[in-house]
Amino acid sequence: MPVHPAPPADVTELVDAYRQTLSSFCDVADSLREQEWDLPTACPGWTARDHLAHVVHVEDYLSGSEHPGAGWSGVDADPVRVGEPEHVRNSLGVWAEEGVRARRDQDPRAMVAELRGLVEVRAAGMYDPDLELDTPVRSVRGRQATFEDLTRRRIFDVWVHEQDLRDALDRPGSLDSPGASEVVSQVLDALPRIVLEKVRPEPGTVVILECTGPVTARGGVRIGTDADGDPVAHELFTGQTSDEDDVPSVDDESADRTTSIALSTHALGRRAAGRCPTDGTAYQVTGDEELARTVLDALSLTP
């Protein structure tokens, strides 16, 4: 079953989805009152202000600016040092935290205006007629990525941070947007790997994950074995192949080994971002409830 509405598929659709996702984030940020900027969020250690600072920092860096951490050579500023806060778990987290700390004292309204300008600058570069999905572009931390990989990650990341703001404000929205579709698509794409490598159920096990809306989709995986007896994952119900014979189906013999998990776009997005524990996630299960909990525990795509 394909994702509906469909996620962006080509350069033009990715550029449009990028602009829409960033613009929506800016609109939500614009709606905050002064006292709301210090609200805590589901992202450990970060306030609403920190989410804005993070998104601005990354977009500014991707546009060509220097990172304000180690090696910073900016005028009238020292490198930002973050120490070892509990919520920073890895080197990518340190890099992100340095960007947030560098902007922590900036006026949120000025940051929103800066972000809107950065979106226009970045999008203008994306309209290069020579740009292709596999074109190398600047990525975070001094690295390169393909245009497609980077843009999909930015759509995922910014949509998640918009949901962080919306949850803190109790203002739900953007659940049928291109960003929501991209997040659901990435979760379903990762499901076979997650079940095979993290959950490691017995061969013959079938796991089906259904997103009930506003973005609707269904994906699944059946665990089998290869010629050497090692476990392998067979993807189910992708809706992405023209040859249906290549898509394994769930038959009567494996029906009693099938576990189906259904949850909303919002619940799936929060769990995939690691923002809500499984015990706090609303979902329905048909089959093995313990297996379903294990799958959802492993479902987070954030580092």
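Between which two helices does the loop that holds S177 lie? S177 lies in the loop between helix 5 (147-169) and helix 6 (178-199). The views below come from a predicted model, in which local features need pLDDT of at least 70, side-chain atom pairs count only at pLDDT 80 or more, and totals for chains, interfaces and linings use all residues. Residues are numbered from 1 along each chain as its sequence is written, and side-chain values use heavy atoms, with hydrogens and water left out.

**Figure 1. Overview of the protein chain.**
The protein chain contains 8 helices and 7 strands; helices (H or I, at least four residues) and strands (E, at least two) are DSSP runs, numbered from the N terminus. Of its 303 residues, 48% count as buried. Buried means under 20% relative accessible area, exposed means over 50%, and partly exposed lies in between, with a 1.4 Å probe and protein chains only. Among contacts with a separation of 6 or more, 67% are between residues 24 or more positions apart; a contact means heavy atoms within 4.5 Å.

**Figure 2. S177 in the loop between helix 5 and helix 6.**
S177 has a relative accessible area of 8% and is therefore buried. Its side chain reaches the backbone oxygen of S174 at 2.9 Å. With neighbours within four places in sequence left aside, S177 is in contact with Q20 and W159. The loop between helix 5 and helix 6 also holds D170. D170 has a positive phi of about 55° although it is not a glycine, and at 66% relative accessibility D170 counts as exposed.

**Figure 3. Packing of helix 5 and helix 6.**
Two packed helices are described by the angle between their axes and the distance between the axes. For helix 5 and helix 6 the angle is about 110° and the axes are 9 Å apart. Axes are lines fitted to C-alpha atoms, for helices over the stretch in contact, and angles run from 0 to 180 degrees between N-to-C directions. Helix 5 and helix 6 are therefore roughly perpendicular to each other; angles under 35 degrees count as roughly parallel, over 145 as roughly antiparallel, 65 to 115 as roughly perpendicular and the rest as oblique. Helix 5 contributes R152, R153, I155, F156 and W159 to the contact, and helix 6 contributes G179, A180, E182, V183 and Q186. By class, this contact has 5 nonpolar, 2 polar and 3 charged residues. Ala, Val, Leu, Ile, Met, Phe, Trp, Tyr, Cys and Pro count as nonpolar, Asp, Glu, Lys and Arg as charged, and the others, Gly among them, as polar.

**Figure 4. Crossing of helix 6 and helix 7.**
The axes of helix 6 and helix 7 (residues 265-272) come within 10 Å and cross at roughly 60°, which means that helix 6 is oblique to helix 7. The crossing is left-handed: the near helix is turned anticlockwise from the far one by less than a right angle, whereas clockwise would be right-handed. A180, V183, V184 and V187 of helix 6 meet T265, L268, G269 and A272 of helix 7. The contact of helix 6 with helix 7 has 6 nonpolar, 2 polar and no charged residues.

**Figure 5. T281 in the loop between helix 7 and strand 7 (284-286).**
At 10% relative accessibility, T281 counts as buried. A polar atom of the T281 side chain lies 2.9 Å from the backbone oxygen of P277. Not counting residues up to four places away in sequence, T281 touches L263, A267, R271 and C276. T281 and R270 are 11 residues apart along the chain, and their C-alpha atoms are separated by 8.3 Å.

**Figure 6. T225 in strand 4 (residues 216-225).**
T225 is partly exposed, with a relative accessible area of 43%. Apart from neighbours within four places in sequence, T225 is in contact with P203, D230, P231 and V232. From C-alpha to C-alpha, T225 and G204 are 8.7 Å apart in space, and they are 21 residues apart in sequence.

Definitions and conventions:
Polar contact = N/O pair within 3.5 Å; in protein donor to acceptor, adjacent residues only side chain to side chain.
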